[in-house]
Amino acid sequence: MDQDQGPPISPTLAKVLKKFLEVMKSDEAIEDDAADRLDALLRSGKVPKPDEISAALFPPPEDEANGVIGDGA
C-alpha cells in the first residue's frame with residue numbers, strides 16, 4: 001500500500017503491517033479484500049475506531065450498502 005495517503009509511518013510499523021497483511025491473506029477465513037481494507041485503514045496514520053475496523057473486516061451486504069432494507073419482496 002502507498003503511504004502517500006496520510007502522515008508517514010515508521011519503517012518498523014511498515015514492516016509489522018506488511019507481515020500482518022501477509023498473515024491475514026494466508027488465512028482462508030479472511031477475504032483478501034477485507035485484509036486490504038484493514039491494511040489501508042491501519043496505514044492511514046490515525047488510530048481506527050472499533051466501528052471502522054468492523055466495517056473494514058465485515059462490510060454491509062450490497063443491498064444494505066445501496067440503502068435497500070429488507071428482503072426485496
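Guide: What follows is a set of questions about the labels, each answered from the values.

Guide: This is a predicted model, in which local features need pLDDT of at least 70 and side-chain atom pairs count only at pLDDT 80 or more, while totals for chains, interfaces and linings use all residues. Residues are numbered from 1 along each chain as its sequence is written, and side-chain values use heavy atoms, with hydrogens and water left out.

Visitor: What makes up the secondary structure of the protein?

Guide: The protein has four helices and zero strands, and from the N terminus on its elements run α-α-α-α. Helices here are DSSP runs of H or I with at least four residues, strands are runs of E with at least two, and both are numbered from the N terminus.

Visitor: Why is the pairing of lysine 19 with glutamate 22 called a salt bridge?

Guide: The term requires a side-chain nitrogen of Lys or Arg within 4 Å of a carboxyl oxygen of Asp or Glu. For lysine 19 and glutamate 22 the N to O value is 3.9 Å, so the pair qualifies. The two are three residues apart in helix α1 (residues 11–26), and therefore about one helical turn separates them.

Visitor: Which other salt bridges can you point to?

Guide: A search of the whole structure finds four, including one between lysine 25 and aspartate 36 at 2.8 Å, N to O. That pair links distant parts of the chain, with lysine 25 in helix α1 and aspartate 36 in helix α2 (residues 32–42), eleven residues apart. Lysine 25 is partly exposed at 35%, and aspartate 36 is partly exposed at 23%. Another joins lysine 46 to glutamate 52, whose closest N and O atoms are 3.2 Å apart; here lysine 46 is partly exposed at 47% and glutamate 52 is partly exposed at 26%.

Visitor: Why is α2 described as roughly antiparallel to α3?

Guide: α2 and helix α3 (residues 50–57) pack at an angle of about 150 degrees, with their axes 7 Å apart. Axes are lines fitted to C-alpha atoms, for helices over the stretch in contact, and angles run from 0 to 180 degrees between N-to-C directions. Angles under 35 degrees count as roughly parallel, over 145 as roughly antiparallel, 65 to 115 as roughly perpendicular and the rest as oblique, so α2 is roughly antiparallel to α3.

Visitor: Which residues of α2 and α3 meet?

Guide: With contact meaning heavy atoms within 4.5 Å, Ala34, Arg37, Leu38 and Leu41 in α2 meet Glu52, Ile53, Ala55, Ala56 and Leu57 in α3.

Visitor: What makes up the largest nonpolar core?

Guide: A nonpolar core is a set of buried Ala, Val, Leu, Ile, Met, Phe, Trp, Tyr and Cys residues joined through side-chain atoms within 4.5 Å. The largest has six residues, namely Leu21, Met24, Ala35, Leu38, Leu41 and Ala56, and its largest share, three residues, comes from α2. Leucine 38 touches Phe20, Met24, Ile53, Ala56 and Leu57, not counting residues up to four places away in sequence. Across the protein, buried residues make up 18% of the 73 residues.

Technical notes:
Buried means under 20% relative accessible area, exposed over 50%, partly exposed in between (1.4 Å probe, protein chains only).
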